[in-house]
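Here are some short notes to read alongside the structure. Please keep the model open and check each point as you go.

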Amino acid sequence: MGLRQRVRHRQSTLDGVLRATSILLAGKTVVTGGYGHCGRGIAERARGLGASVVATEIKATQALKAILEGHRVMPMDDAARIGDVFITATGMKDVLVGRHFDVLKDGAVICNTGHYDCEINIGDLEARAKGRRTVRPNCEEFTMKDGRRIYLLAQGRLVNLAAAEGHPSEVMDMSFANQYLALCKLAKEGKTLDKKVYQLPPELDQEIAGVKLRTMGIAIDKLSSEQVAYASDYSAGT
Ligand SMILES: NC(=O)c1ccc[n+]([C@@H]2O[C@H](COP(=O)([O-])OP(=O)(O)OC[C@H]3O[C@@H](n4cnc5c(N)ncnc54)[C@H](O)[C@@H]3O)[C@@H](O)[C@H]2O)c1
């Protein structure tokens with residue numbers, strides 16, 4: 001599940017940013033708000049295109065992951081001063097707010113690929129702007145009272161869906177397969193289930209990944225019965 005989010009965002013979010021701006025990412029500082037499945041995918045691909053990545057986080061484990069994967073980590077209050085492109089992917093409101101807009105560089109690009117259009121506080125941006133105009137489809141320029149320009153993409157809505165075409169069918173097929181199998185399980189066992197959230201069994205992911213690999217013509221190895229026995233035989237050591 002997490003891998004699919006990462007793979008999807010690696011491609012579709014940056015596709016949205018590039019379609020809306022046509023900027024060169026190489027040499028730019030890309031700030032990902034959140035280093036979860038989506039943020040991590042965006043960071044990987046932004047680096048691949050030559051950008052330097054700064055991640056902001058609230059979870060120590062995720063922040064450490066970003067550092068160990070070669071990115072910089074700092075609070076958004078600091079990142080706001082150095083970033084060229086900001087992409088929020090947290091699922092939380094107010095990741096970019098007024099005090100950040102006060103210090104953003106002239107020409108900074110801001111967008112969201114997280115849950116809703118509340119990750120960027122657009123009211124704060126509007127309150128600070130003396131003018132606004134659409135400069136390209138899905139790219140609105142806000143001129144601050146001190147003359148700096150901030151570019152908001154896709155009205156703060158999901159930039160990969162609004163400014164690009166969302167996720168390719170070759171990755172969505174696995175999500176839909178997962179949902180289909182979940183529905184099959186519900187149809188079979190629904191009457192006996194309690195009213196609570198259930199985790200889907202990990203075997204479903206294995207099944208879907210196996211089918212996907214087969215459609216790609218990729219084979220993998222299988223444990224022999226001796227290897228299966230060895231895996232649970234704690235008497236054998238190094
Ligand atoms: N655009 C799309 O097509 C699309 C697709 C899938 C998911 N999403 C959305 O993207 C969002 C992220 O999804 P995910 O799977 O990466 O979730 P995730 O939980 O793996 O990652 C979110 C990360 O954001 C961090 N975070 C939360 N609040 C923060 C804050 N204020 N500042 C900095 N970091 C903060 C969390 O610690 C977490 O590590 C969700 O809202 C999800 O619904 C969008």
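**Notes on a predicted model**

1. Start with a helix pair. The axes of helix H8 (residues 169-189) and helix H9 (residues 202-215) come within 10 Å, and they cross at roughly 140°. Keep in mind throughout that this is a predicted model. H8 is therefore oblique to H9. The cut-off matters here, because only angles over 145 degrees count as roughly antiparallel. The crossing of H8 past H9 is right-handed.

2. Next, the residues in that contact. H8 contributes Glu170, Asp173, Met174, Ala177, Asn178 and Leu181. From H9 come Leu204, Asp205, Glu207, Ile208 and Lys212. What is the make-up of this contact of H8 with H9, in nonpolar, polar and charged residues? Five are nonpolar, one is polar and five are charged.

3. Stay on H9 for one more residue. Glycine 210 lies in this helix. Is glycine 210 buried, exposed or partly exposed? Its relative accessibility is 21%, so glycine 210 counts as partly exposed. The limit for buried is under 20%. Glycine 210 also pairs up in space with isoleucine 220: the two are 10 residues apart in sequence, and 9.0 Å lie between their C-alpha atoms.

4. Now step back to the whole protein. It has 238 residues, and 40% of them count as buried. There are 10 helices and eight strands. The C-alpha trace spans about 70 × 50 × 35 Å along its principal axes. Take the contacts between residues at least 6 apart in sequence: 61% of them join residues at least 24 apart.

5. The domain assignment gives two entries. Domain 1 covers 2-162, and domain 2 covers 169-231. How many Å separate the centres of domain 1 and domain 2? The figure is 34 Å, taken over C-alpha atoms.

6. Look at threonine 29 in strand E1 (residues 29-33). Threonine 29 has a relative accessible area of 12%, so it is buried. Which residues does threonine 29 touch, leaving aside those up to four places away in sequence? They are Ser52, Val54, Arg72, Ile82, Gly83, Asp84 and Val85.

7. At a relative accessible area of 15%, cysteine 38 is buried. Now find threonine 113. Cysteine 38 and threonine 113 are 75 residues apart in sequence, yet 8.3 Å apart in space, C-alpha to C-alpha.

8. Check the backbone at serine 22. Phi there is near 60°, a positive value in a residue other than glycine. Serine 22 sits in the loop between helix H1 (2-21) and E1. Its relative accessibility is 53%, so serine 22 counts as exposed. The limit for exposed is over 50%.

9. Alanine 154 also calls for a backbone check. Its phi is near 50°, again positive in a residue other than glycine. Where is alanine 154 found? It belongs to the loop between strand E8 (149-153) and helix H7 (159-162). Is alanine 154 buried or exposed? Alanine 154 is buried, because its relative accessible area is 4%.

10. One last pairing to set side by side. Serine 22 is exposed, whereas alanine 154 is buried.

Terms used
Residues are numbered from 1 along each chain as its sequence is written. This is a predicted model: local features need pLDDT of at least 70, side-chain atom pairs count only at pLDDT 80 or more; totals for chains, interfaces and linings use all residues. Side-chain values use heavy atoms; hydrogens and water are left out. Helices (H or I, at least four residues) and strands (E, at least two) are DSSP runs, numbered from the N terminus. Buried means under 20% relative accessible area, exposed over 50%, partly exposed in between (1.4 Å probe, protein chains only). Contact means heavy atoms within 4.5 Å. Domain bounds come from an automatic or database domain assignment. Axes are lines fitted to C-alpha atoms, for helices over the stretch in contact, and angles run from 0 to 180 degrees between N-to-C directions. Angles under 35 degrees count as roughly parallel, over 145 as roughly antiparallel, 65 to 115 as roughly perpendicular and the rest as oblique. A crossing is left-handed if the near helix is turned anticlockwise from the far one by less than a right angle, and right-handed if clockwise. Ala, Val, Leu, Ile, Met, Phe, Trp, Tyr, Cys and Pro count as nonpolar, Asp, Glu, Lys and Arg as charged, and the others, Gly among them, as polar.
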